[in-house]
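The report below goes through selected local and chain-level features of one structure. Please have the sequence and the coordinates open while reading.

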Amino acid sequence: TEVNSFSPSVPISPSSMINQYKFEDGPEIRDLFITVDDPESHITAIETFITYRVVTKTTRGEFDSSEYEVRRRYQDFLWLKSKLEEAHPTLIIPPLPEKFIMKGMVERFSDEFIETRRKALHKFLNRIADHPTLTFNEDFKIFLTAQAWELSSHKKQGPGLLSRMGQTVRAVASSVRGAVKNRPEMFTEMNNYMETFSQKINLLDKIAHRIYKEERDYFNEMKEYGPIHTLWSASEEDIADSLKGIASCIERCCRATEKRMAGLSEHLLPILHEYVLYSEILMGVLKRRDQIQGELDSKVDALANKKTEKDLFSEEIGKLEDKVERANNALKADWDRWKQNMQWDMRSTFTNVAENNLRYYEECLATWESFLTSQTVDLHVDEDSEDRP
Amino acid sequence: MESTEPEPSGSRPEEEEDEEEEEEEEEEEEDDGALLPPKQRLAAMEDCLAKKMEITVSEAEKRTGRNAMNIQETYTAYLIETRAVESQSEGQCAPVESLWRRYSEFELLRNYLSVTYPHIVVPPLPEKRADFVWHKLSADNMDPDFVERRRIGLENFLLRVASHPVLCQDKIFYAFLMQEGGWKEMVNETGFQLKADSRLKALNATFRVKNPDKRFTELKHYSDELQSVISHLLRVRARVADRLYGVYKVHGNYGRVFSEWSAIEKEMGDGLQSAGHHMDVYAASIDDILEEEEHYADQLKEYLFYAEALRAVCRKHELMQYDLEMAAQDLTSKKQQCEELATGTVRTFSLKGMTSKLFGQETPEQREAKIKVLEEQIQEGEEQLKSKNLEGRDFVKSAWADIERFKEQKNHDLKEALISYAVMQISMCKKGIQVWTNAKECFSKM
């Protein structure tokens with residue numbers, strides 16, 4: 001069986017492994033396996049930061065070795081992302097976890113925060129590895145294989161990063177007004193789709209967090225509820241056993257609730273969050289495409305007004321037209337791929353949520369049924385002893 | 001005050017109509033005692049278990065009227081229906097008789113019973129105001145759900161009284177069920193109010209009893225513990241209910257968003273839409289679940305209030321015992337006084353003694369008169385002490401008998417309540433499994 005590179009942690013159940021069947025336009029046979037683990041704290045005079053171990057196993061010829069182990073920090077991931085965006089402006093680059101978590105009670109370097117980030121980084125690299133184009137990107141290869149000093153020196157080369165600091169491309173040039181007029185229907189549809197999708201996925205993200213919170217509050221109350229029955233049993237004789245039985249049932253249901261919560265936070269919440277980020281990325285990609293088209297359009301308009309230098313212009317326009325066509329095609333292909341992945345992700349994640357809930361209810365059911373049996377058995381025992389002379 | 005302690009059952013020939021046992025115990029009868037506690041209780045029950053009358057509180061109605069101070073008020077009236085139960089073979093159906101009563105009349109009845117039968121653990125009324133509510137429940141007395149639960153509680157109260165071997169024979173109780181007009185006057189004519197006031201004072205007074213019956217002391221501790229633990233349980237249960245409500249209802253939001261999302265999806269649309277529907281079903285299911293749980297809470301509440309009744313009996317014993325001890329003490333001191341006067345020795349300090357020393361001795365005649373008075377008082381006192389002793393012992397005997405009856409009832413009822421709680425949880429789990437199985441199927445088709 002293949003190791004599924006998409007599960008950042010060990011799969012919980014065999015069923016989730018079976019569900020990892022994927023269909024996509026990527027490499028037919030996976031030949032690149034990446035894991036992100038082992039967060040370590042580094043303290044220097046200037047700063048404290050975390051590095052993660054990135055292990056790569058590959059059979060590809062382009063790689064000198066079949067196994068690599070490097071350490072990377074969050075900054076390095078940011079760098080990689082911006083290089084990919086630069087090289088492929090109309091491809092959908094997977095999201096990175098945010099720099100900070102604004103809301104929520106997670107502190108910057110708490111264990112929970114680090115673990116959440118680690119999983120997201122693992123996801124990020126694997127999504128790139130599975131992308132038909134991005135997987136062969138040179139900067140990607142360097143990221144996976146170069147030693148720390150090699151990476152540093154490589155980073156300093158090449159064109160500056162311009163204003164591409166920050167993990168998501170928010171600052172996009174606004175010269176897209178014109179492009180909207182000439183925008184092919186397909187991309188207008190994409191835009192409309194993304195607007196609604198973005199709205200809905202954000203809502204789902206909020207709902208999922210609300211559910212998590214409600215379940216946690218319920219768990220806390222249940223923790224107090226059970227022991228009261230035990231306390232009561234101390235002043236009773238006849239019904240002490242029944243009371244203790246109830247207390248133990250409630251305790252077991254409490255543990256089942258904890259598992260249910262864990263399931264949410266391990267699977268549903270990260271996926272929804274990832275797609276919230278994806279929706280922002282996609283809006284950005286669409287804008288960039290518009291921008292590229294805008295360049296073409298403005299040149300075409302300029303040509304219409306010029307009488308001389310037509311030849312020069314047509315050559316330029318030819319190049320721009322090519323650029324636009326390449327951009328459109330790249331985006332279209334990547335869009336289709338993204339949609340398929342999204343569908344698969346949503347299906348598997350929500351199915352997992354349902355399974356989680358089923359496990360919870362089945363466990364609670366078994367608990368209460370066994371209590372009920374014990375109570376009716378007692379009754380029959382009493383009956384029998386009464387009938388004896 | 002005439003003695004209102006009822007004699008052992010069977011000695012009131014005019015009380016032909018014994019009220020019916022509670023339904024559950026009726027079933028137990030048919031079951032040939034399968035769920036019954038030891039035979040002793042069964043024997044005691046059979047005497048009033050004549051199945052002569054069905055009692056229900058079948059309706060509740062909002063009324064407006066003027067109260068004692070001529071101020072307009074809104075209140076709820078409850079319809080009490082009774083029907084004599086003929087034996088099945090006759091195939092006749094007796095007519096239903098009915099009358100309306102409001103909560104305050106139930107209160108009056110219960111006060112009368114508590115005062116008149118202080119050795120009985122008198123069944124409690126359902127709560128006057130909604131307590132231990134969680135946020136969705138209204139604390140408003142006019143709220144239809146509250147009224148409905150109160151209706152059930154009042155019916156339960158009547159059935160409890162009707163199945164009590166002693167209480168069911170009370171004339172005032174019978175009149176409460178059958179006689180609409182003039183009932184209040186009838187109750188007041190018994191003069192129980194006077195006893196009620198002094199009883200209230202006694203229940204609240206603090207005093208030290210030197211030799212209480214240990215069993216009653218223990219029982220009082222038990223009733224305090226029971227009250228405390230059930231309150232705590234009910235309070236936390238209400239919070240648990242609140243939280244559970246929250247979990248279920250938030251899932252309802254999935255329904256709405258899935259539906260809106262499905263509009264922009266082609267392949268995923270159907271799966272999303274139908275999954276959303278199941279989320280709505282899930283969210284809606286909590287309402288019935290929690291409503292059922294309220295009945296469980298009401299069962300516990302009854303025993304919370306029963307703890308009060310239990311404590312009242314203990315206090316009555318303490319009061320009688322204290323009274324007895326005071327009377328004994330008084331008698332002893334009078335005897336001593338008498339002796340001192342007779343022998344001329346002053347052993348105990350008394351103000352009279354001092355003043356007579358200061359203002360001159362008494363004459364022999366005066367002393368004789370005093371001794372005579374004291375001797376009379378001592379005689380009276382000894383008779384009173386004798387009867388108080390007897391009363392006290394009778395009280396302890398009959399109270400303890402009722403307490404034993406109560407204990408068995410309590411153990412039986414609470415065990416059943418706990419079992420019914422488990423049954424409710426099972427039902428909730430099964431519903432959950434069904435909904436999420438359906439949802440899972442929809443998701444897997446996305």
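Is Asp217(A) buried or exposed? With a relative accessibility of 13%, Asp217(A) counts as buried, where buried means under 20% relative accessible area, exposed over 50%, and partly exposed in between, with a 1.4 Å probe and protein chains only.

## Basis of the model

This is a predicted model, in which local features need pLDDT of at least 70 and side-chain atom pairs count only at pLDDT 80 or more, while totals for chains, interfaces and linings use all residues. Residues are numbered from 1 along each chain as its sequence is written, chains are lettered from A and ligands numbered from 1 in the order in which they are written, and side-chain values use heavy atoms, with hydrogens and water left out.

## Chain A overall

Chain A has 9 helices and 3 strands, both being DSSP runs numbered from the N terminus (helices are H or I with at least four residues, strands E with at least two). Read along the sequence, these elements follow the pattern α-β-β-β-α-α-α-α-α-α-α-α. Of the 389 residues of chain A, 47% count as buried. Among the contacts in chain A with a separation of 6 or more, 76% come from residues 24 or more positions apart, a contact being defined by heavy atoms within 4.5 Å.

## A salt bridge between the chains

Over all chains, a search of the whole structure finds 58 salt bridges, a salt bridge being a side-chain nitrogen of Lys or Arg within 4 Å of a carboxyl oxygen of Asp or Glu. One of them brings together the side chains of Asp217(A) and Arg243(B), at 3.4 Å from N to O. Because Asp217(A) lies in helix α7 (residues 185–233) of chain A and Arg243(B) in helix α8 (residues 214–262) of chain B, this pair joins two chains. Whereas Asp217(A) is buried, Arg243(B) is partly exposed, with a relative accessible area of 29%.

## A salt-bridge network in chain B

Glu127(B), Arg149(B), Arg237(B), Glu293(B), Glu294(B), Asp298(B) and Lys301(B) are linked in a network of salt bridges. Within chain B, the side chains of Asp298(B) and Arg149(B) meet at 2.8 Å, N to O. This pair links distant parts of the chain, with Asp298(B) in helix α9 (residues 269–343) and Arg149(B) in helix α4 (residues 144–162), 149 residues apart. Asp298(B) counts as partly exposed at 22% relative accessibility, and Arg149(B) as buried at 14%.

Glu294(B) forms a salt bridge with Arg237(B), the closest N and O atoms being 2.7 Å apart. Here too distant parts of the chain are linked, since Glu294(B) belongs to α9 of chain B and Arg237(B) to α8 of chain B, 57 residues apart. Both partners count as buried, Glu294(B) at 4% relative accessibility and Arg237(B) at 3%.

## Helix packing and a buried loop residue

How do α9(B) and α11(B) lie relative to each other, and at what angle do their axes cross? The axes of α9(B) and helix α11 (residues 364–444) of chain B come within 8 Å and cross at roughly 170°, the axes being lines fitted to C-alpha atoms, for helices over the stretch in contact, with angles from 0 to 180 degrees between N-to-C directions. The two helices are therefore roughly antiparallel, a description used for angles over 145 degrees, with under 35 roughly parallel, 65 to 115 roughly perpendicular and the rest oblique. The residues of this contact divide into 39 nonpolar, 14 polar and 15 charged; Ala, Val, Leu, Ile, Met, Phe, Trp, Tyr, Cys and Pro count as nonpolar, Asp, Glu, Lys and Arg as charged, and the others, Gly among them, as polar.

Val121(B) sits in the loop between α3 (103–116) and α4 of chain B and is buried, with a relative accessible area of 0%. Leaving aside residues up to four places away in sequence, Val121(B) touches Tyr306(B), Ala309(B), Leu310(B), Val313(B), Asp402(B), Ile403(B), Arg405(B) and Phe406(B).

## Hairpin and positive phi values

Strand β1 (residues 53–66) and strand β2 (residues 72–84) of chain B pair in the antiparallel sense over 13 bridges, pairing being assigned if DSSP finds at least two bridges between two strands. Val57(B) has Ile80(B) in β2(B) as its bridge partner. The hairpin has 5 residues between the strands, and Asn70(B) takes a positive phi near 60° there. Asn70(B) is exposed, with a relative accessible area of 54%.

Most residues other than glycine have a negative phi. Asp38(A) likewise has a positive phi, near 50°; this residue is found in strand β1 (residues 32–43) of chain A and is partly exposed, at 36% relative accessible area.
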